[in-house]
Amino acid sequence: MGRAKQFAANSFWLATSTVIIIFVGAIYRPIIGRILGPADFGSYNFITTFIGYFLIIALFGVRQVVAREIGRDPGTARIFLLKSAKIRAFTILVSMIACCLIGYGLNRGHTVTLGIFIMSISLAITGVGELLEGVLIALARSFYIAVSNLIGSLLRLGLGIWALEAGYGLIGVLWVFILTAGLSTVLNMVFTSYAIRLHKQKT
């Protein structure tokens, strides 16, 4: 029964995390679309969609493996995290290089090319954050994922609107994304370290 409750709680917080991201996005995107205007909002959509293709390479399904293996033996969390981090570092590097080279080759103009270069940083940030989420899922600490996503999403909403109102435009919005995604990943680092220590104390 204990494991059933743990699974239910984990699933609940994972669902909550997803809802938070979707809800904030549903508010944020129309706002930036209205302020940016059709041309820049089209560029924003192009850049984020383009980056998404390379995110597939960066992530490469490692989170599921980490969650499964550490879930079987939580005592191996730190060792397995370090080993999987080496794989993730390689996939991130490949995805960032490919993204920047192809993005430059598309020759879509200075702003779009610069935006692709800036957003390529998110491949590394998201790659690290997602790996840490795998550990938190395995240790039944999905609540922390929901917290980091909530903080990051609300800050992205607030700072994004501020950047647009201050006249920073498309590039400002992209830098806000990098900043808030980085903050969420740092929070996941802190939460993962705490969750591992907590598990060791219990065992």
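Exposed means over 50% relative accessible area, buried under 20%, and partly exposed in between, using a 1.4 Å probe and protein chains only. Before going on, note that this is a predicted model, in which local features need pLDDT of at least 70, side-chain atom pairs count only at pLDDT 80 or more, and totals for chains, interfaces and linings use all residues. Residues are numbered from 1 along each chain as its sequence is written, and side-chain values use heavy atoms, with hydrogens and water left out.

Stay on Asn107. The residue sits in the loop between helix H4 (77–106) and helix H5 (110–138). Its phi is positive, about 55°, although Asn107 is not a glycine. Most residues other than glycine have a negative phi.

**Zoom out**

Show the whole chain as a cartoon. The protein has seven helices and zero strands. Helices (H or I, at least four residues) and strands (E, at least two) are DSSP runs, numbered from the N terminus. The order from the N terminus is α-α-α-α-α-α-α. The radius of gyration is 18 Å, close to the 17 Å of the globule rule for 203 residues, so the protein is as compact as a globular protein of that length. That radius is taken over C-alpha atoms, and the rule is 2.2 Å times the number of residues to the power 0.38. Along its principal axes, the C-alpha trace spans about 55 × 30 × 20 Å. Buried residues make up 40% of the 203.

**Into helix H3**

Next, select Val66, in helix H3 (residues 62–72). Is Val66 buried or exposed? Val66 is buried, with a relative accessible area of 0%. Now show its neighbours. Leaving aside residues up to four places away in sequence, Val66 touches Gly71, Phe80, Ser84, Leu131, Gly134, Val135 and Ala138. A contact here means heavy atoms within 4.5 Å.

**The salt bridge**

How many salt bridges does a search of the whole structure find? The search finds one. Select Arg88 and Glu130, whose side chains meet in a salt bridge at 3.1 Å, N to O. The pair links distant parts of the chain: Arg88 is in helix H4 and Glu130 in helix H5, 42 residues apart. Both residues, Arg88 and Glu130, are buried. A salt bridge is a side-chain nitrogen of Lys or Arg within 4 Å of a carboxyl oxygen of Asp or Glu.
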